[in-house]
Amino acid sequence: MSPRLERALPWVLLLSLAANLFCGGVIFAHHFAHGGSHGSAHRGPGHRHRHGVLPGPHELRAALSPEAQARFDTLHQEHRPVIRERLRELAAARRTLAEELRTEPLDRARLDAAFARVREAEAQLALETQTMFAKLAEGLGPQDRARLAALIPGMHGPGPEGATPPPD
């Protein structure tokens with residue numbers, strides 16, 4: 001590898017990381033701004049979400065009984081403005097991170113701070129969505145809670161702990 005290429009490679013990798021983070025943020029924000037993934041109710045029983053991501057609002061609602069759907073609608077309307085604000089905060093933190101990655105010379109302390117802001121924004125978004133999910137579960141009967149549990153990533157069928165490990 002030429003010396004010039006060796007010097008450029010770390011910068012290319014950092015720019016690639018920034019582009020991936022930005023694209024991931026856009027997709028994530030679009031997903032929640034439009035009420036979850038479109039067509040999620042049509043994916044069939046074998047569909048699983050990406051690791052660590054709760055199902056979108058449409059899929060949550062579709063899994064519930066009609067009585068529980070009314071509770072979901074109320075909670076979703078209550079939490080939607082805060083969730084959207086958290087998404088805006090996450091998008092802003094990711095934009096700042098991308099700006100720091102483009103800054104010359106790279107300031108490691110500022111880059112670390114930008115990553116910390118992204119982590120905090122992600123944590124605040126997760127806290128809000130998980131709070132809504134917990135409030136929903138709190139008012140549901142066992143059958144509706146079982147339907148919600150089936151939507152949680154990592155659930156691949158019954159087993160000794162309620163789930164079997166994913167296939168190799």
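## A salt bridge within one helix

Let's start with a pair of charged side chains: E85 and R88 form a salt bridge, with 3.2 Å from N to O. Keep in mind that this is a predicted model. Both residues sit in helix α3, and because they are three residues apart there, about one helical turn separates them. E85 comes out as partly exposed, since its relative accessibility is 32%.

## Salt bridges between helices

How many salt bridges are there in total? The count comes to eight. Side chains of opposite charge can pair when their charged atoms come close.

Another of these pairs is R110 with E100, whose closest N and O atoms are 2.7 Å apart. This one links distant parts of the chain, with R110 in helix α4 and E100 in helix α3, ten residues apart. Are these two partners buried or exposed? R110 is partly exposed, at a relative accessible area of 48%. E100 has 7% relative accessibility, and buried means under 20%, so E100 counts as buried.

K135 and E78 also meet through their side chains in a salt bridge, at 3.2 Å from N to O. Here too the pair ties together distant parts of the chain: K135 belongs to helix α4 and E78 to helix α3, 57 residues apart. Both ends are partly exposed, K135 at 30% relative accessibility and E78 at 43%.

Now for the inside. In soluble globular proteins, nonpolar side chains tend to be buried together. The largest nonpolar core in this model has 24 residues, and L60, L64, F72, L97, L136, L140 and L148 have the most contacts inside it. The top contributor is α3, with nine residues.

Take L97 as a close-up. Leaving aside residues up to four places away in sequence, L97 touches L21, L111, A114, F115 and V118.

Which residues of α5 are buried? They are D144, L148 and L151. Looking down the axis of α5, you'd find its buried residues within an arc of 50 degrees, so they line one face of the helix. These buried residues pack against α2, α3 and α4. On the other side of α5, P142 and Q143 are exposed.

Terms used: Residues numbered from 1 in each chain as written. Predicted model: local features only at pLDDT ≥ 70, side-chain atom pairs only at ≥ 80, totals over all residues. Heavy atoms only, no water. Core = buried A, V, L, I, M, F, W, Y, C linked by side-chain atoms within 4.5 Å. Buried < 20%, exposed > 50% of the residue type's maximum accessible area, 1.4 Å probe, protein only. Helix = DSSP H or I, 4+ residues; strand = E, 2+ residues; numbered from the N terminus. Contact = heavy atoms within 4.5 Å. Arc of directions from axis to C-beta. Salt bridge = Lys/Arg side-chain N within 4 Å of Asp/Glu carboxyl O.
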